[in-house]
Amino acid sequence: MPAAVPIDAVAAPRSIDEIELIRRAQLPPSRGWRRWIYRLSFGAANPGQSPAELEYEQLLRRVRQPVRGNYKIAVLSMKGGVGKTTTTTGLGSTFAALRGDRVIAYDANPDFGTLAYRIHRDSDRTVRDLLADKEVHSYSDVRSYTSQARSRLEVLASERDPSVSEAFNERDYTAALRILESFYNIILTDCGTGLMNSAMAGVLKEADALVLVSSAAKDGARSAGATLEWLSRHGFDDLVKRTVVVINESRKGSTALDVEQLESYFAERTRAVQVVPYDDHLAEGDTIDLELLGKPAQRAFVELAALLADDFPPNVGRHAPAPGPSPW
């Protein structure tokens, strides 16, 4: 029998935190052969999570990292039909479902924005109604003007009357944003398709990050590339550097363009690129429920949320354009 080691022969730890655990608890596996072993042994044998599960847990930690104050994300595309509103809803729903704070998507499209129709509406009120209310002092006051999805994402709808919505300008956009900033941690703006309207001036001045949406087709990619060039020429270089490009594969099966080459093209010009694969549920163009998405699309939105959360700074600043003649 080996002799006992005297206690004074072991180097004493300087604090309790330095004392190592002999046995560390680990989470049970949730899939694959590891889960079968865990279940068949009634929990007695726990091989632990697989490398893929540990990688996904790290992804979730990135999405859930705290943000000080609020973080404003503008979702933009100069070409219709490439999945801009779908991306706004999927990204916002992912943030809302995985985080514990408040997330809202704000429809700033002056031309019949459809964001509110991507979730089940529980309010017919719009941003115009919110702006007309001079007694908004609490979260519950704002909540009466929003709809909430099952993911907990809230949506503030745009005006449906074209004679009113066309008058929505930079001042209106900024006024509504000031209200939302007091009650929400992550604010997504679903933009219109025009760079020259007044509201877009406010969107770009206020955004902390930009999500630029492109299709996996040449016309959509050209439009996205031209948008980046326009932003650079008009003093938004810093915003371009904080842009994440989303490539939506809107067709089933292979695409005409080489998506890997398209990724490389945008990766050289922006902070990151995320491909969202084709998904039957997204292709419906109706309300979006994360639980109805296939696993590849679900994973893509989690990866997109993590890329944006990586940019959460301790203190979020505004990104106004450099001094010079205004394009508006």
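Predicted model: local features only at pLDDT ≥ 70, side-chain atom pairs only at ≥ 80, totals over all residues.

Visitor: How many salt bridges does a search of the whole structure find?

Guide: It finds 17, counting a side-chain nitrogen of Lys or Arg within 4 Å of a carboxyl oxygen of Asp or Glu.

Visitor: Which residue does Lys-72 form a salt bridge with?

Guide: Glu-181, with the closest N and O atoms 3.3 Å apart. Lys-72 sits in strand β1 (residues 71-76) and Glu-181 in helix α7 (residues 170-181), so this pair ties together parts that are 109 residues apart in sequence. Helices (H or I, at least four residues) and strands (E, at least two) are DSSP runs, numbered from the N terminus.

Visitor: Are Lys-72 and Glu-181 buried or exposed?

Guide: Both are buried, meaning under 20% relative accessible area; exposed is over 50% and partly exposed in between (1.4 Å probe, protein chains only). Lys-72 and Glu-181 are also linked in a network of salt bridges with Arg-178, Glu-206 and Asp-208.

Visitor: And what does Asp-219 meet in a salt bridge?

Guide: Lys-79, at 3.5 Å from N to O. Asp-219 is in helix α9 (residues 218-233) and Lys-79 in the loop between β1 and α3 (84-98), so parts 140 residues apart in sequence are tied together. Asp-219 is partly exposed at 41% relative accessible area, and Lys-79 is partly exposed at 28%.

Visitor: OK, pockets now. What volume does the second largest pocket have?

Guide: About 310 Å³. A pocket here is an open set of points on a 1 Å grid over the protein atoms alone where a 1.4 Å probe fits, with protein on both sides within 12 Å along at least five of seven lines. The volume is the space filled by probe spheres set on the points, which are joined across faces, edges and corners.

Visitor: Which residues are closest to its centre?

Guide: Of the 11 lining residues (those with an atom within 4 Å of a point), Tyr-56, Lys-295, Gln-298, Arg-299 and Val-302 are the closest to the centre.

Visitor: Which element gives the largest share of that lining?

Guide: Helix α13 does, with five residues.

Note on methods: Residues numbered from 1 in each chain as written. Heavy atoms only, no water.
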